[in-house]
Amino acid sequence: MTTPLLKVEHLSTAIEEGELLHDVSLEIGEGETHVLMGPNGAGKSTFGNTLMGNPNYKVTGGRIWFDGEDITELSADKRAAKGLFLSFQNPLEVPGLSLEAFLRNAIRQRTGKPLKIFQFKKELEQTMELLQMDEAYADRDLNVGFSGGEKKKAEILQLLMLRPKLAILDETDSGLDVDAVRTVSQGIEEYQKKRGGALLVITHSTKILEALDVDYTHIIVKGRLVKTGDASLVDEINEHGFEQYLSAE
Amino acid sequence: MGIQEVAEVDRSLYDFKDDEKDFYRLQEGLTPDIVKQISEEKHDPQWMRDFRLQSLEIYNNTPVPDWGPSIDGLDMDHISSYVRANTNMKGSWEEVPEEIRNTFEKLGIPQAERESLAGVGAQYDSELVYHNVRAEVADQGVVYTDMESALTGEYADMVEEHFMKLVPPTDHKFAALHGAVWSGGSFVYVPKGVKVEIPLQSYFRLNAKGAGQFEHTLIIVDEGADLHFIEGCSAPKYNVANLHAGCVELYVRKNARLRYSTIENWSKNMYNLNTKRALVDENATMEWVSGSFGSHVSYLYPTTILRGDNSHCEFTGITFAGGGQNLDTGAKMIQLGKNTSSYINSKSISKDGGISTYRSSIEIRPTAKGAKSSVDCASLMLDDISRSDTIPAMDIRTGDADVGHEAKIGRISDEAVFYLMSRGISESEARAMIVSGFADTVSKELPLEYAAEMNNLIKLEMEGM
């Protein structure tokens, strides 16, 4: 059996106010697409942030393995360098730093190699076209004054430009209109199908999943994984909601 | 202020009393004999010699300012007001003594001159050691010379007419000191309608330990003319106090435009008590770009008098206060003409216990119908031990002024740092990127090589956080 790309063993996470995740275990293989669903406040974002190494969330138990290495203690930039990516639910605004300058810097730091400017420019242009982003956004300050949809497109742009092995998408579809969801989905499809990238899609709706081939679905309730199933679990949740898992608690 | 007040001040120069006691007290450091000696060294015309002595008198009778950062560490008895290197001014770098030339080479001045400047003046301690202006610019009738030559040259009358009329010695104690012991600096005259396409630059280097630098810059941009002037300053660090009390007087005539850019990076033992003022006529534009990184204590508030109708001023400034620095900076606008407009965009950063204070004053006088003013200041504190204060004053004497003010004080958000780190950027780099981004509205206004220098300064300051 091959080593999974991501292996989470008995992970517990806390903030000052108390424990948020309890004993969560999960494995994601290369190129697999997993969906994490759950009601509001179940710990979905906490899980994504903990995997990425957000210092606000303290690991109180368990280990996280990525690509065969224990990354539990690594800082976020080291995790990114190993090929982990988190698309933020609320991407931060950085005034004075243009989207393009930021991407160049990120690629340079992640690879540790000088950037091939011409190739980068071409790729950026093509990717922005795919995401139906006006090329003027490349010169604009990162996320500053972007609409909700443009912010999410910018996240997927980063995903495609940075080429991670595993991307965690935290509520990437929330607050988007139908057209924006379609465009963003196309970007994710490109990553999933053409590049074979693995995905952990955190969502509480299902619009974004329509275009993706889902391998596994996990249900999280009150910080615990209560059920893992295949793609059909998504439809079941769609029909019946989380009711039965809540009452089981 | 404006015309009437300038005239009043002028008269008051002659309305003073001798105070023997004060003279005596100052005998150790600054005496009439020392001032006379400087005057002699510099072959001043008689009026200047008188002016210096009167200024000294005013200096002795004016109290030290008591409203800003402490300048107790500044002991005038131990500041040498005049230090001259053993050379006179040269017109080519080859003739400048090697050691001094090397200093300016290290600062990149000769290279910048070759690549992107129309003329350069380089001051070392109290005197200019180099001055040159491109032939094509000189052919346009542009005068760019050291102040000493200007005093006796073709434009002597013009200099006498304008010298310390905008900043009279009665303005404050260090203006008086400047009047008494000033040395070096530049005189620029741009004739009517002449547009100088590439910038002129003066660079001030204070090398002597425990010395003062008191250069005087006088620029007159005549009607319809256009100029960008750049000023750079630096000094090596000593463990005794140094003093910079320069004076900049700018006259922007009808329909003219002047941009005055400064990157100040004095060493951290420097007391920077500099005075800058511009008088702007009808339909003319004054632009200040100011970067303050160095010095132990700074008092710096470039002032613009919008005298003419439809005149306009923009001030863009950034101040970076690190450990042991107390930088009190800002701008002052005095709007007299109709439909005058002023815009201030100020940024300040403080770290390692540094104190950064933004202080500004907007005065809209009764004559300034239809005036506009907008102030935007933002401060960034990089840790819990640093300080940032904002002291904006506004005095509006018209009923129809359009005035806006926005102030923000903040810290680097941990979430933003995590966001950048999640893309593979190291923590220190992420912080530097956020700080550089914060400073971006200012660096965008700087000539390219200065913007690069500023970003390097920020990066340097951010390392080891």
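This is a predicted model: local features need pLDDT of at least 70, side-chain atom pairs count only at pLDDT 80 or more; totals for chains, interfaces and linings use all residues.
**Stop 1: where the chains meet**

Show chains A and B together. Here 22 residues of chain A are in contact with 21 residues of chain B. Now select the chain A side. The elements giving two or more residues to it are α2 (76-82), β7 (94-98), α3 (99-111) and α5 (148-162) of chain A. Color this side by class.

**Stop 2: two domains of chain B**

Color residues 2-300 of chain B as domain 1 and residues 413-465 as domain 2. Look at where they touch: 10 residues of domain 1 of chain B are in contact with nine residues of domain 2 of chain B. On the domain 1 side, select α6 (109-116), β11 (257-265) and β14 (285-292) of chain B, which each give two or more residues. The largest share, three residues, comes from β11(B). By class, this domain 1 side has six nonpolar, four polar and no charged residues.

**Stop 3: a helix pair**

Select helix α12 (residues 427-438) and helix α14 (residues 448-462), both of chain B. They pack at an angle of about 140°, with their axes 10 Å apart. Angles over 145 degrees would count as roughly antiparallel. The pair α12(B) and α14(B) is therefore oblique. Their crossing is right-handed.

Next, show side chains. From α12(B), pick Ser428(B), Arg431(B), Ala432(B), Val435(B) and Ser436(B).

Note on methods: Residues are numbered from 1 along each chain as its sequence is written. Chains are lettered from A and ligands numbered from 1 in the order in which they are written. Axes are lines fitted to C-alpha atoms, for helices over the stretch in contact, and angles run from 0 to 180 degrees between N-to-C directions. Helices (H or I, at least four residues) and strands (E, at least two) are DSSP runs, numbered from the N terminus. Angles under 35 degrees count as roughly parallel, over 145 as roughly antiparallel, 65 to 115 as roughly perpendicular and the rest as oblique. A crossing is left-handed if the near helix is turned anticlockwise from the far one by less than a right angle, and right-handed if clockwise. Two residues are in contact if their C-beta atoms, placed from the backbone, lie within 7 Å. Domain bounds come from an automatic or database domain assignment. Ala, Val, Leu, Ile, Met, Phe, Trp, Tyr, Cys and Pro count as nonpolar, Asp, Glu, Lys and Arg as charged, and the others, Gly among them, as polar.
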